[in-house]
Amino acid sequence: MRDQTPDRDTVDLLHEIVDEMLKPFGKTSQRDNRLVPNPRPPFDVSRPNEHNTKAEFLCEKEAVQASFHHVAGLMENLTNKNKGENHEAMLSRLRPVIDQKLRGIAPKTGLNDGFELIRKNVADLGGFTASAYWIFGLFSLRGYTN
């Protein structure tokens, strides 16, 4: 099996690239001591491809595209995007019902993990609004998948 460890020049180049990206934040990549014989790159380079086959990649790509299609539908239905007064009235009736249901299922005490904390905070904030923002966040990622 081929050695996956890049040579020192490659590692140094990768660090320079990462340092340039971190420069606006006043940071640099973490480097090994120059005396270390096999320096580590600033990120894992052991596996150049995330997928083992093109079919695996295409399957994942289709799943992501379908998900974004559904998220777009949710965004359209949860906003009053020129849908008229009836749609706005429907959303006004749904908001408190959704908020109440989410408050009812949110944990009250003994937050045992991060998910319970998130559920409680979403319920406290208002489930409809928090969910809409969460969905909008997902929807805004669609530009990164093209």
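Helix α3, residues 85-105, packs against α5 at an angle of about 95 degrees, and the two axes are 7 Å apart. The two helices are therefore roughly perpendicular to each other. This is a predicted model, so please keep that in mind throughout.

Which residues make this contact? On the α3 side they are L91, R95, I98, D99 and L102, and on the α5 side G127, F128, T129 and S131. Sorted by class, the contact of α3 with α5 has four nonpolar, three polar and two charged residues.

Now the other packing partner I want to show for α5. Helix α2 spans residues 54-78 and α5 spans residues 127-140. Here the angle is about 140 degrees, with the axes 9 Å apart. That makes α2 oblique to α5; the cut-off for roughly antiparallel is over 145 degrees. The crossing of α2 past α5 is left-handed.

From α2, the contact uses F68, V71, A72, L74, M75 and L78. From α5, it uses F128, A132, I135, F136, L138 and F139. How do these residues divide by class?

Next, salt bridges. The structure holds five of them, and I will show one. R31 pairs with D19, and their closest N and O atoms are 2.7 Å apart. Where do the two residues sit? R31 is in the loop between α1 and α2, while D19 is in helix α1, so the pair ties together parts that are twelve residues apart in sequence. As background, side chains of opposite charge can pair when their charged atoms come close.

Last, confidence. The mean pLDDT of the protein is 82, and 92% of its residues reach 70 or more. Which elements mark the two ends of the range? Helix α1, residues 8-22, has the highest mean pLDDT among the elements, at 91. The lowest mean, 79, belongs to α5.

Key:
Residues numbered from 1 in each chain as written. Predicted model: local features only at pLDDT ≥ 70, side-chain atom pairs only at ≥ 80, totals over all residues. Heavy atoms only, no water. Axes fitted to C-alpha atoms, helices over the stretch in contact; angles between N-to-C directions. Helix = DSSP H or I, 4+ residues; strand = E, 2+ residues; numbered from the N terminus. Parallel < 35°, antiparallel > 145°, perpendicular 65-115°, else oblique. Left-handed = near helix turned anticlockwise from the far one by under 90°. Contact = heavy atoms within 4.5 Å. pLDDT = per-residue confidence, 0-100. Salt bridge = Lys/Arg side-chain N within 4 Å of Asp/Glu carboxyl O. Nonpolar A, V, L, I, M, F, W, Y, C, P; charged D, E, K, R; others polar.
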